[in-house]
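Please have the sequence and the 3D view open as you read.

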Amino acid sequence: MSGAVLDIADLHVALHRGRTIVPLLRGVGLAIQPGEVRGLVGESGAGKSMIARAIFGLLPGGARITRGRALFEGRDLAAMAEPERRALLGARIALIPQDPMTSLNPVMRIGEQVATVLRLKGGLDRRAARERAVELLAEVAIREPKRVVQLYPHELSGGMRQRILIAMAFSCAPRLVIADEPTTALDVTVQRQILRLIHDLQHRQGAAVLFVTHNLGLVAKLCQSVTVLYAGRVVEDGAAAAVLAGPRHAYTAALLSATPRLDRPADALSPLPRTLIETLLAEARAYDAANAGAYR
Amino acid sequence: MNAPLVSLRGLRVSLPNRAAKPMFGPAPLIEIVKGIDLDIQRGAALAIVGESGSGKTTIGRTLVGLVKPSGGALLYDGADIGRMDEDAFRPLRARIQMIFQDPQSSLNPRLTLASILARPLEAFGKGTAAGRRKRAGELLDIVGLPVAFLDRYPHELSGGQRQRVGIARAIALAPEFIVADEIVSGLDVSTQAQILLLLRRLRADFNLTLVFISHDLSVVRVLCDEVAVLSAGQIVEQGKTAAVFADPQHPYTRELLDSVPLPDVEEGWIMRGAATGA
């Protein structure tokens, strides 16, 4: 689609180990328009993090893009030279990581970490970056930002640390933010505050967001659209409201039935049917057999 | 009504506050559980829910004797186990079991599943070596794992399979009371559903009394007919799960319930989250 911030098509990623080839993404396609918030849903191993890593050029050792494209504002990230890609990351494309504890440098003060991003990616000088860091913390609703910039990560709660990372992600007015399960470690009341923060900043800056999650509830509350993955393939794609209210694919429907709900009686829960999983895996194998060339 | 299996009366628990530990000398104590009254009937499944720092894990560890209360009474089948010494408590250990949050760290990585599952039997001098291995195989079967897994090591299993082993170990001595602490929090939706349904079946098959500690209120609904909502070391609300969830009385319970994102699109839900705080 033209005008998309991110346009991924026919994306194949495979892990090469000696002569064995393990397919990780099997021809994924997804597009995000400017300002759109899209959920990327799947269970572990479905390939949702692999898509995020392919965008950032951070695929694990031995894995690479073997076919397809990932266009950011019309330019192919897969074919881009490293310096060019690096100039985009952190500035035009930003990441909100899953674990705020391991993503911040434990021996560097908060203010310095935020200022570093502003200097390297935003082109500010040392002093301007320091001042802007304080403003940014205030913008993500951190009280006493002047005091907090002097602190180290371990002195902050998980929710505060996630706010800092969100401030850093949005600091250079990115066009695309990839949020990788940013609320998994948080309490539900803090989770909602963090979602609100992402929503507010995204809205204000007009940034597009790819929200990676296994939680269909978060998709319902934050995202306009959703892509559902299984075994490295897109099984369903559409407006969040339509997909959640009337899933077309059996896997999406089964995932919804396997999600416990506090407003439904206990016996409403049903596990994923084994036959469905077997069918999906057989389909993936058949796809690999028919498209063996796509992974070389 | 019969006497409850477990009774807490004004239970208080204090733990060393490591954050405030001086360079020399012991860490000062900080009170985590601040006077709790709770009755757990035989055969009940009670959820203790709350956010981090609420004291729910400390209550769980106190219930199984891993932590001593600092005040109040903890009656198990009429006896105050909070004041018992190790020798007196030992016979009860077989009747009271715990399933831990992280099977990765609670299963010994150097032991096969056969040894892991035989350990509790060995500790209580039950059966011969061959008999214990046979029993370990039966336990795997009960939790839905192939008996061929007996000679595998924990790292060869998936997260869901490891949690099944944790459950198998907990039921090895045919206990009557099990405390499960956040046992499905790290799992995928489909694995989580399987573990919840397994635990529900075991509860019925073995007539277990269950305390299920969780921050996830949706999960609680599947397994527990009663719920106690914990905040800052105190119970703010308790009752039948269906009733509390349908008509919460305490403002904190209401906020907690409203914060859970249900998979229905709802305009405005996100705006009910405070813009400041955290």
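This is a predicted model: local features need pLDDT of at least 70, side-chain atom pairs count only at pLDDT 80 or more; totals for chains, interfaces and linings use all residues.

Chain A holds 12 helices and 10 strands. Its C-alpha trace spans about 60 × 50 × 35 Å along the principal axes. The radius of gyration of chain A is 20 Å, which agrees with a compact globule, because a chain of 296 residues folded that way would come out near 19 Å. Of those 296 residues, 46% count as buried. Among contacts in chain A between residues at least 6 apart in sequence, 67% join residues at least 24 apart.

Now to the place where the chains touch. Here 40 residues of chain A are in contact with 36 residues of chain B. These elements of chain A each give two or more residues to that side:

| Element of chain A | Residues |
|---|---|
| helix 7 | 158-169 |
| helix 8 | 188-205 |
| helix 9 | 216-222 |
| helix 10 | 240-245 |
| helix 11 | 250-257 |

Helix 8 of chain A provides the largest share, nine residues.

Strand 6 (residues 96-99) of chain B pairs with strand 7 (residues 177-181) of chain B in the parallel sense, over four bridges. B:Q97 has B:I178 in strand 7 as its bridge partner. In strand 6, B:I96 and B:M98 point one way while B:Q97 and B:I99 point the other way, and all are buried. Side chains in a regular strand alternate between the two faces of the sheet.

Notes: Residues are numbered from 1 along each chain as its sequence is written. Chains are lettered from A and ligands numbered from 1 in the order in which they are written. The radius of gyration is taken over C-alpha atoms; the globule rule is 2.2 Å times the number of residues to the power 0.38. A residue is buried if 20 or more other C-beta atoms lie within 10 Å of its own, exposed if 12 or fewer, and partly exposed in between; C-beta atoms are placed from the backbone. Two residues are in contact if their C-beta atoms, placed from the backbone, lie within 7 Å. Two strands pair if DSSP finds at least two bridges between them.
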